[in-house]
Amino acid sequence: MQTSTSSEITLDVNGEEHALSVDHRTTLLDALRERLDLTGSKKGCDHGQCGACTVLVDGRRTVACLQFAVAAEGREITTVEGLAPEGGALHPVQQAFLDLDGYQCGYCTPGQICSAVAVIEEHAAGWPSAATDDVRPESGASSLTPEEIRERMSGNLCRCGAYVSIVEAVARAADERAADERGAAASTEEAAV
Amino acid sequence: MREFGYRRASDVAGAVALLDADPEARFLGGGTNLVDLMKTGVERPAQLVDVRALPLDGIEVSESGAARIGATVTNSDLAVHSEIRRRWPALAQAVLAGASGQLRNMATVGGNLLQRTRCGYFADVSGPCNKRVPGSGCPAVEGEHHNHAILDATDHCVSVHPSDMGVALAAFDAVVEYETAAGTGELPLADFYLPVGDTPHLETALPPGALITAVTLPPAPVAAHSRYRKVRERASYAFALGSLTAALEVREGTVADVRLAWGAVASRPWRARAAEEVLLGAPAAAATFAAAADAELAAARPLTHNAWKVTLLRNLTVAVLSELAADATGPAADRAAGPAAGPATGPAGGETR
Amino acid sequence: MTTTPTGTESATARRAVGTAHPRVEGYEKVTGTARYAGEIPFVDLAHGALVLSTVAHGRIVSVDEAGALRMPGVLAVLHHGNAPRIETEYVGFLGAPDPTTAVFQHDRVPTRGWPVALVVAETPEQAAEAAASLEVTYREEPHDTAFRPDHPDAYYPGSTIVGPPVSERGDQSAALAASAFVVDELYETAEMHHSAMEPHAATARWNGGRLEIVDSNQGTVWVASELAKLFSLDLSAIRVRSEHVGGGFGSKGCRAHQVAAVMATTQLRRPVRVVMTRRQTFSLAGHRAPTAQRVRLGADAGGRLLALDHESLNQTATGYEWVEPAALPARTMYNAQAHRTAHRLVRLNVPSPTAMRAPGEAPGSFALESAMDELAERCGIDPVELRVRNDTQVAPGSGKPFTARRLVGCLREGARRFGWEQRTPRSGSTREGRWLIGTGVACASFSARAMPTTAAITAHPDGTYTVHVNAADIGTGARTALTLVAADELGTDTAHVRVRLGDSDLGPAGIAGGSTGTRSWAWAVNLAARELRERLALGADIPPQGITVRSDTTEAVKALGHHERHSFGAQFAEVAVDPDTGEVRVRRMLGVFAAGQIVNPLTARNQLVGGMTWGISMALHEEAVRDARTGGHYSPDLAGYHVAANADVPRVEAYWIDDPDPEDPVGIKGIGEIGTVGAAAAVTNAVWHATGVRQRSLPVRPDRVLAGGAGPTGA
């Protein structure tokens, strides 16, 4: 059976549509880096073993190296470049990594940050982790302890060994998000009164 | 990587037909294993049939306590599902112990069962491997095998199945549903994987071209008191050296019901039926647990450098069954897992922030 | 200008140095806009993929170049049959060049994973497939890749990069005979790989008669000068840039990818990028050689050392001699009337080893500090106290006094912060649930050296400054540290200082290696800034092109002479061991260091903690496994070669005590490596304390813990 080995596709990246002709072998990671010049997503291992290429697909963190670009058509892709508006304020996770030195060489950093953004959302949505003592829903939500952050962030290797600062940065960003939610809830209550 | 065609299937019949038409085609699910193997050259399909858009991503749990899990449900969606967590906590724990958050968001239930071994010889296309190139030999038997199989392996292949999820599914009597051009079918997980024998390249009993559509779990009240523990060479993001799913119900000091399965010990998730036989009706005590483990491990045929896994599995079995028994009789009897001895986590550090 | 160091005094009060400052390139790093070597776009770029040997020893019989050229997009296949001849008879920065780097010069294959060809194609996908499909046939010869302590071919090398391989003083057997307590044990460390997150990548092109290379390395002049020698070019004809570097740890010098890229661009006359795959880094990028170390200690009844003998054996390649100087720590740490250190090598069909973060000290301190712990146990003396008793103010190796040695201060401060006094001396005595708990201590040292460096600073009319120094920021925070150093000496705010680095056109400079980088570069920056400030103080108007002052520390560094200048540290660890499963978890770790002036506490803490994290990783995880029959690695990737993941790293704290170096203008000693030294031993000593069983082979895998049993209280 003769089939084409390339396709014309449209990728939705950071809210922008990009028309591309891709060799089916082109991974989402290579499409981002080599074709769209979005080099924030890094290639550390190219086999799903390091997390440096972590991007959000339909809001969930994934590794871009184990997806083909052609299969990513129709999905909303967010890379590190799309977390904060250009020239605008940093995403709270980015700001926390910057302030607390949650990196050294910086190569794993975009993946760490994309992962952390998702970790905070996953935890807020009540997802358990392998560090959660009791996964049954009756046990209620676990708090995002350092141990929980470490487990949830373990899909992102950092060879410089900046994990301690990374955990501090994720914790701060999570606290800020929780405080914002409380603030929002309080003001809603106020408005209701 | 070889050039390949790509088709996205929108219904099951269409997907099966596409694969049927091309012997060199493969289904593409989450891709976490297949894409990796295509990069290393282990897999060289001419066509991929993308099945992720198929309407197979639902989880249904009936009032009777049976579950039907669609084949394209992601690992994450399975692990966070509240009924799965309530009725089969060890299944959720097993999934959460696997890979990383990113990979669990991609990987599917069907793909998890079909994933290939992580044996380093299998992944190295420059050398022999009977699973990859039938008849070429198994370098692990005389080579690196400190994490290879201790049960049911042959001289033809000593690799282990890497799945964590599969260990829980094996314990809970899962049944795999599939579809081919000829119609639908089902296979109990116990019959799903083929014995290694002299054909390690033939891994499952699925008919050619079959697409897994769902995995079902029968009702099992004992599963609510279950736990998954995994030992690996780092605290997270590593494949198992040995793992275990155990479910235990104790009545008046006697084992009233039990499920036990092991991971990373054989070419398939290993249901420990011999151990279960010893346990059922016996006193829920450490001596029983050890005898049960020994009964299962009597068939172990370790290699030069992996005999330690016999000790590991014995110890793990005694430890986890003891914890479950303590939970069932102690003050935390209503809990499947207590914080004092949590599953697969690090030791408590007394840390706060 | 004068280059005489004038001590730590500064004409302006220090404001920036010693104050926490976020990385100046932090915005680029957290937004993904910092571009690394493989990310700079080039028009008409071609992609090269290396092909490595699949036999461990032999000759190449044929390379099917024609077959590969028929594949879609393939532009060229370079191999020993058609590649240009290059010069390999020279002495470079690390001595004779690593033959792995001088690609495609002959048909001999000395190791599996040896570069045999480069396939260049229009796209990365085409290059990868053609490289994977390239048919290379070999005539195999017998190989030996099995490193073992009793290998019959072990020999004493003639020299090492750190001095003579053997040092000996006193009568060992007499001192041992006179000792009340003796330790005589074998310690083994595994083959380790740098595994920087960014794999090696280089793009080469000819531009107006100059060879331009965008690379990821630890020193652009280092790489440029090696390439100049290899290709017989004038150094001025090469420009190497390396702005952001995704980690190096010793692996990022001149390697096969740059050389292959230069060959390809020279042939194709278009830019060629060569990126190593992760798997390829395991044979092309160097490694820390596995070691087998015998340590013999003899002590009097009070635990004072009478005899110390540390002999280390490491593997090296058949065509390249690399001594892993693991007995070095003994020349610094502990004195004895009979004192011997020695290094031996065995040549195997393995890839070339090289320096890796804390070369020598990391594996050597594991052995020596483990042995000291065993001695403490035998003497019945607290391990901290034993080390205090054996403190020396004279370096055992040279007999010279230390410029400063605040080791005891580190031990005391560390013990206080860690809560050491609450420790029960007996092993296997603490249990929490399924975990046995133990604590351990170890000492650390690392030499403080400097390399000649040039710098230039331009004062602009708008009141800002540009610092030009060919530093390499491989994650150390050098860019930020140099900003702080310059700001202080110029008497300006850090916001007014820009640092340009990572470009061989900036001139000669030390590399990012040996914990010398920041010290070397800061010295030159400090001198230039000082003179520039004096110049500006005269009140002249600044012309549009600015006023530029240059510095060169060559003479000043030479004038330093050979002193025993070292950083010191004390490492403490608490571990939990599950005796049923063999799992080991580090629960907390704490290090105190006397390591010179700390320039930026924010990044310094991170770097020291990162070094300690490497110690955890070395102690528990890292091990490249080799199949003796194929001679190749088993699972050479990040799933098979485990580096510590986030969950492996608990609360880790790093502190420092005051220790400015009086002969350095900024007081710096360097902190890139000291955090790693002793860290693995602290962990394994804690494992002993938890279980009562010594773990003398790294890494401490679950199977090794189970094999050892769990000592007196084990299950």
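Reader: What makes the pair Arg519(C) and Asp661(C) a salt bridge?

Author: In this predicted model, the closest N and O atoms of Arg519(C) and Asp661(C) are 3.3 Å apart; a salt bridge asks for a side-chain nitrogen of Lys or Arg within 4 Å of a carboxyl oxygen of Asp or Glu, so the pair qualifies. Across the interface of domain 1 and domain 3 of chain C, the rule finds two salt bridges.

Reader: What makes Asp101(A) and Arg23(C) a salt bridge?

Author: The closest N and O atoms of Asp101(A) and Arg23(C) are 2.7 Å apart, and because the limit is 4 Å, this pair also counts as a salt bridge. Between chain A and chain C the count is seven salt bridges.

Reader: How do you know which helix of chain A gives the most to the side that touches chain C?

Author: The residues on that side are counted helix by helix, and α5(A) gives the most, with six residues. As a whole, that side of chain A divides into 22 nonpolar, 14 polar and 15 charged residues.

Reader: How do you know how much area domain 1 and domain 3 of chain C bury between them?

Author: Buried area is the accessible area that two parts lose on being put together, summed over both, and for these two domains of chain C the value is about 1,200 Å², with 57% of it on carbon and sulfur atoms. In domain 1 of chain C, the residues that lose the most area to domain 3 are Thr476(C), Ser515(C) and Arg519(C), together 48% of what that side buries.

Key:
Residues numbered from 1 in each chain as written. Chains lettered and ligands numbered in written order. Predicted model: local features only at pLDDT ≥ 70, side-chain atom pairs only at ≥ 80, totals over all residues. Heavy atoms only, no water. Helix = DSSP H or I, 4+ residues; strand = E, 2+ residues; numbered from the N terminus. Nonpolar A, V, L, I, M, F, W, Y, C, P; charged D, E, K, R; others polar. Buried area = accessible area lost by both parts, 1.4 Å probe.
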